[in-house]
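Please examine the sequence and the structure shown below before reading on.

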Amino acid sequence: MKKITLLFFCLLFCLSLSAAIIPVRDSLDKTVFDSPALLAGMEEDTPFGFKVSGYLDTDMFNFLTDPTKALSPLATQLEDFLNAKDDQYLYDNYEILSRIFNFDPSFPAISSSVDENAFYIRDYLENRFSSLDMGNRDLAVINAYKEGLGLFDSSSIKGELDASLSFYGGNISNGFGWNAGFYLIFDGVPSLFYDESSGDFKYGNDLYAMVRGDFGYGTFIGVDEDFAIGLSVSPSLIFRTISDTQYMLDAKVARSILPLFASNRFDLGFGIEMNLGFMFRANDEIRLVADLRNIPSMQTYWYFTAFDIASTTFQFHYDENLYYIPPDAAFTLLWDSGPWHIEFEISDILNQLLWVNQTTVGFDPFAIPKIGFSYDFNENLSLGLRYEHKYIILGLDWTGLEIELKCALARLGFGLSVRYEM
């Protein structure tokens, strides 16, 4: 086992010699294969299952239904921002300003005098821009974001949208477990004005189509079966495309889905993840679990663009970047007493430190603890409540049908997921 782990790290190091190492988000739900020691002693058969889920916050809902409602406060903010700048700033940045207001032929031409130029621009802001219809004011906000004035960022407006559809099946018996599935995932960024990058890679709204297999083995060590160890490996074939947040803005303004994908790159690649887990059974009710997750997790891609599709000499290009889900350590307490169940996990410390080191994403201490409670009314019906990553999740499980309602604590947003397993 140590040799396998060492081999993967050596491969990661060799590939990194000629590539940038880019962290990416893990868009899949946690399963037993993330804690493979739990496979020891488990018996479970799922010939077929599917899950559909979605999450939408109020800012994104407002933007999709009425962009003006979402962006109008920012138009006023833009007007106040420019009015507060001195004359020299307005003169030095005239080319940027002309692109921001390029939809309006009434925007003044540049003057040779700094004072005169500032006078006409302020007159435009106060008497013309303030009276424009909200659609044009929204365009100015979007253009200002694209020009990178530094006025708008992730904190200016939220706007998160996530959705997924999956079909899968698997079996766990005698310590060995496998799962195979198809996953279609839209993993949206947490803000309409999200602007984050690592190296030459810019993060955005991820659309994944993935065929994935999970294979794991967990076994008890010792005659008392108090200690177990497990290992899982998950290979995957991945097709993805990543849309910059500005493309979503353009698509909504144009009322067409084409801008969301026309400038994208389309990636086809392979991924592999590995998890190592340990479990200690303190007594009949308490289990302690320690996991090393994504040790490592690697993805490599070939890609093509819309220009390649239109070209008579279509070809794939190799992406020299190496993508990985940052590794993490997780510690979990499981308590089962009759119909009552409690799960308490501490995780997302190591991986957040890696994110902070490679990007400007901040460390979130509220992402570390996860806690869940559930109660079995009978063998067919259970009710659960848990907290994770600033979300409260209420779940109902009835004879293979699982329904979860998700609510964000930091801002108003709601999600729903439905899972059914035969």
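The account begins with the cavities and then turns to the strands and loops.

The model is predicted, so local features need pLDDT of at least 70 and side-chain atom pairs count only at pLDDT 80 or more, whereas totals for chains, interfaces and linings use all residues. Residues are numbered from 1 along each chain as its sequence is written, and side-chain values use heavy atoms, with hydrogens and water left out.

A cavity is a set of points, on a 1 Å grid over the protein atoms alone, where a 1.4 Å probe fits but cannot get out; its lining residues have an atom within 4 Å of a point. Grid points are joined across faces, edges and corners, and a volume is the space filled by probe spheres set on the points. A search of the whole structure finds 2 cavities of 30 Å³ or more.

The largest cavity holds about 80 Å³ of space. Its lining comprises 14 residues, of which D26, M210, E273, Q299 and I325 are the closest to its centre. Two or more lining residues come from each of β7 (205-221), β8 (227-243) and β9 (265-281); strands are DSSP runs (E, at least two residues), numbered from the N terminus. The lining has 6 nonpolar, 4 polar and 4 charged residues, where Ala, Val, Leu, Ile, Met, Phe, Trp, Tyr, Cys and Pro count as nonpolar, Asp, Glu, Lys and Arg as charged, and the others, Gly among them, as polar.

The second largest cavity contains about 40 Å³ of space. V24, R25, F201, Y203, D206, Y208, R240 and I242 line this cavity, and β7 and β8 each supply at least two of the lining residues. By class, 5 are nonpolar, none is polar and 3 are charged.

Strand β8 is largely enclosed by the rest of the structure, because 12 of its 17 residues are buried (under 20% relative accessible area). Two strands pair if DSSP finds at least two bridges between them. Strands β7 and β8 run antiparallel and are joined by 15 bridges, with N205 opposite S243 in β8. Another 15 bridges join β8 to β9, also antiparallel, and here F227 stands opposite F280 in β9.

The hairpin of β7 and β8 has 5 residues between the strands, and G222 in the turn has a positive phi of about 100°. E225 lies in the loop between β7 and β8, and its phi is near 55°, a positive value in a residue other than glycine.

Technical notes
On a 1 Å grid over the protein atoms alone, a cavity is a set of points where a 1.4 Å probe fits but cannot get out, and a pocket is an open set with protein on both sides within 12 Å along at least five of seven lines; lining residues have an atom within 4 Å of a point. Helices (H or I, at least four residues) and strands (E, at least two) are DSSP runs, numbered from the N terminus. Buried means under 20% relative accessible area, exposed over 50%, partly exposed in between (1.4 Å probe, protein chains only).
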